[in-house]
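Please keep the structure in view while reading.

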Amino acid sequence: MAAHGASPAELFERHQSTLQEAVKAIHGRYFWTPHPESPSPKVYGEEAAPQGQAAFEAYLGTDFPIDQPGGDDRIVTERSPYGITLGVGYPHADADALIAAAQAALPSWRDAGPEGRAGVCLEILHRINQRSFEMAHAVQHTSGQAFVMAFQAGGPHAQDRGLEALAYGYDTMARYASSARWEKPQRKGDPLVMDKRFHVVPRGVALLIGCNTFPTWNSYPGLFASLVTGNPIIVKPHPRAVLPLAITVAVAREVLSEAGLDPNTVLLAAERADEKLAATLAVRPEVKIVDFTGSTEFGQWLEEHARQAFVCTEKAGVNAIVVDSTDAYKKMLGNIAFSLSLYSGQMCTTPQNIFVPRGGIETDEGHKSAEEVGADLAASVSGLLGDETRATGILGAIANDGVLRRIEEAGKLGDAVLESSDIAHPEFADATVRTPVIVKLDGDRRDVYGREHFGPISFLVTAEDTDDALRLMRETITERGALTAAVYATSEDVLDAAEKAALEAGVNMSANLTGQVFVNQSAAFSDYHGSGANPAATSSLTDPAYVSGRFSFVQSRRHA
């Protein structure tokens, strides 16, 4: 194919400084981003916001502009949690055609080399960043996130995670020599001399299975980890959240074509709502990598059945907070209240179980009984969400009927400390918005709090004491998994015990969060999202294990 734009090598040179900074950041774990998170016109320009909205609105009620193999008809599967009509049509994917096209694209993508592939991936990210407002509307109206969160999490933060994975992949491939002259001295005569070459060989066709709630944030690590290591990828979005990944695929195909590479290196696999295309593709022998975010049940099915593939899953969990004591009671409550409310608890990192000693806790406002902690937390959530405009900006909208059903059932599981209520959205009259529900349970009700209740549902669990609370946290996470854990304590001994319990459970721990850092937020280049050390995830977004299974080093040698 003739190149219409910059070559892969030229793209690498253009973006090399960004890649170098990203590699430094993953080693140093400090704050860094090339993607500003503020949707301010001072950052992205005066025209970026209206142009992004216009681009999003142009998709509505039309066929999405993408030309690729496997499209035998058009399907429409999305509906906005805010009530607006989307009606975007996508080519229905034919599995055989998609796999054949991806396999045909593999040799040229492999031969582009680590630097060429990195250059193309960096250009893809750059162009996606330029379309962050367009992406924000697409994420908002498929996931239910509020607009600012959709801009940040669906745009710059997702782009950061993609760049982070790209940096890990490139660093892992490039840190070792690609060729060497090997000389071994001999006792007599000349040394043995050989020329050796070391090739990065991609594993094969990759499959990315997207989720409804974070279609880009949870997908970009797998997408760019597979691409930079040489694997063509089939992107299978959630039927309710196709548009954000369709835009992503379209940008990738555009860059690939301009660079003279096969655009079928990246393919969109839209499916009908009940088709189960992910399961069909995942067990195909040609598919060698599977990335998945979603339910525990399907994640476990993939781990058990896609045995021909390198499988990375992020599943459900029972995230926990242990409250022992605090010297900032109101700030603690405010921080937890925000964590429970953000995006209506529809985050894989939202706290579910809040363990409190039966005898209460010591605070800067004096002793507080377990009942008082529950009542005060409920009051803090209610106060946070008391204003309609502020509430909808925090809560967003409910993504699907399953979350609504769990909210309705939660109050029957124990004593409701805080009941959920409807909130009218000031901008979208048909939006589905619900406030959190908090239920008080005794520590012996592990049949309830020991499993995940995805959504704005949390449990105030009374433990015998702090040691018992830490035990319950450790055991439930070991059994069911978790992506986050937190502790509030004024004693260094308790903080040390909590960190030890977290290490034993294989969960990332936060301590005494009272300001603008929340347990359910994760910073690219610094925070590990998931650990791979408990059942909630097979690996971390992102660490070396996440990328190393996507390629092999294969060598050739000859006498010099």
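## Strands β6 and β7

Strand β6 (residues 233-236) runs parallel to β7, and three bridges join them. Two strands pair if DSSP finds at least two bridges between them. Strands here are DSSP runs of E, at least two residues long, and helices are runs of H or I, at least four residues long, numbered from the N terminus. Within the pair, Ile234 stands opposite Leu267 of β7.

Helix α10 (residues 243-258) lies across β6 and β7. Its direction is at about 145 degrees to β7. Axes are lines fitted to C-alpha atoms, for helices over the stretch in contact, and angles run from 0 to 180 degrees between N-to-C directions.

## Basis of the model

This is a predicted model: local features need pLDDT of at least 70, side-chain atom pairs count only at pLDDT 80 or more, and totals for chains, interfaces and linings use all residues. Residues are numbered from 1 along each chain as its sequence is written, and side-chain values use heavy atoms, with hydrogens and water left out.

## The five-stranded sheet

The strand order is β7-β6-β5-β8-β9, in an open sheet of five strands with parallel pairing. β7 (266-268) and β9 (310-314) are the edge strands; each has a single partner, so one side of each lacks a neighbour in the sheet. On average, neighbouring strands of this sheet are turned by 15 degrees against each other, direction ignored.

## Helices α8 and α9

Helix α8 (residues 156-174) packs on helix α9 (residues 220-228) at about 30 degrees, with the axes 8 Å apart. That makes the two helices α8 and α9 roughly parallel, a label for angles under 35 degrees.

Residues of α8 that meet α9 include Ala158, Gly162, Leu166 and Met173. On the α9 side, Tyr220, Phe224 and Val228 are among them. Contact means heavy atoms within 4.5 Å.

## Two loop residues

Ser80 sits in the loop between β1 (74-75) and β2 (90-91). Ser80 is buried, at 5% relative accessible area (buried is under 20%, exposed over 50%, partly exposed in between; 1.4 Å probe, protein chains only). Beyond its neighbours within four places in sequence, Ser80 contacts Leu86 and His141. A polar atom of the Ser80 side chain lies 3.0 Å from the backbone nitrogen of Tyr82.

Glu365 is in the loop between β12 (361-363) and β13 (366-368). Glu365 is partly exposed, at 35% relative accessibility. Leaving aside neighbours within four places in sequence, Glu365 contacts Tyr329 and Lys330.

Technical notes. A polar contact is a pair of N or O atoms within 3.5 Å; within protein, one must be able to donate a hydrogen and the other to accept it, and residues adjacent in sequence count only if both atoms are side-chain atoms. Angles under 35 degrees count as roughly parallel, over 145 as roughly antiparallel, 65 to 115 as roughly perpendicular and the rest as oblique.
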